[in-house]
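Student: I am new to this one. Could you take me through it step by step?
Tutor: Gladly. Here it is.

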Amino acid sequence: MEEKKAKKGTPPPRYDEEFKTGAVRLVTEQGRQPTEVAKELGICIDTLRSWLKASGIQMGQASRLSREQQRNQALRRRLVALQEKYPAMGLDSL
């Protein structure tokens, strides 16, 4: 198995702001694991960590946010189901 190694003295690749923002959004808005996103995009996890940090998100926070977002989505689905099941209770104002 052959590994690619950057030549000594070669500058690291440059990524535009749109790419960086998209990578951060995959973690913060879609709730994906940072390691999974980094691997999929072909970037170093440390690079993604620095972008998350620059956006004010720590690695642990990103995972916690995604769990909270998933829980909120589940609660919203449950609320909609209850609103449909019991329309006379006035749950639509919640």
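Student: Which residues in α3 do F19, K20, A23, V24, V27 and T28 in α1 meet?
Tutor: This is a predicted model, and contact here means heavy atoms within 4.5 Å. On the α1 side, the contact includes F19 and K20. Their partners in α3 are L48, W51 and L52.

Student: How do the residues of that contact divide into nonpolar, polar and charged?
Tutor: Sort them by type. Lys counts as charged, and K20 is one of the α1 residues in the contact. The division is seven nonpolar, one polar and one charged.

Student: Are α1 and α3 roughly parallel or roughly perpendicular?
Tutor: Two packed helices are described by the angle between their axes and the distance between the axes. For α1 and α3 the axes are 10 Å apart, and the angle is about 85°. Angles of 65 to 115 degrees count as roughly perpendicular. So α1 and α3 are roughly perpendicular.

Student: How many aromatic pairs does a search of the whole structure find?
Tutor: Ring centres must lie within 6.5 Å to pair. Y15 and W51 qualify, at 5.4 Å centre to centre. The search of the whole structure finds three.

Student: How many residues apart in sequence are the parts that Y15 and W51 tie together?
Tutor: Place each residue. Y15 lies in the segment before α1 (17-28), and W51 in helix α3 (residues 45-54). The pair therefore ties together parts that are apart in sequence by 36 residues.

Student: Is W51 buried or exposed?
Tutor: Buried means under 20% relative accessible area. Y15, at 27%, is partly exposed. W51 has 11% relative accessibility, so W51 counts as buried.

Student: What is the angle between the planes of F19 and W51?
Tutor: F19 lies in helix α1 and W51 in helix α3. Their centres are 6.0 Å apart, and the pair is edge-to-face. Planes over 60 degrees apart count that way. Here the angle is 90°.

Student: Which residues form one aromatic cluster?
Tutor: W51 pairs with Y15. W51 also pairs with F19. The cluster is Y15, F19 and W51.

Student: In which helix is confidence lowest?
Tutor: The mean pLDDT of the protein is 80. Confidence is highest in helix α2 (residues 34-41), at 93. It is lowest, at a mean of 77, in helix α4 (residues 59-85).

Definitions and conventions:
Residues are numbered from 1 along each chain as its sequence is written. This is a predicted model: local features need pLDDT of at least 70, side-chain atom pairs count only at pLDDT 80 or more; totals for chains, interfaces and linings use all residues. Side-chain values use heavy atoms; hydrogens and water are left out. Rings of Phe, Tyr and Trp (its six-membered ring) pair if their centres lie within 6.5 Å; planes under 30 degrees apart count as stacked, over 60 as edge-to-face and the rest as tilted. Helices (H or I, at least four residues) and strands (E, at least two) are DSSP runs, numbered from the N terminus. Buried means under 20% relative accessible area, exposed over 50%, partly exposed in between (1.4 Å probe, protein chains only). pLDDT is the predictor's confidence in each residue, from 0 to 100. Axes are lines fitted to C-alpha atoms, for helices over the stretch in contact, and angles run from 0 to 180 degrees between N-to-C directions. Angles under 35 degrees count as roughly parallel, over 145 as roughly antiparallel, 65 to 115 as roughly perpendicular and the rest as oblique.
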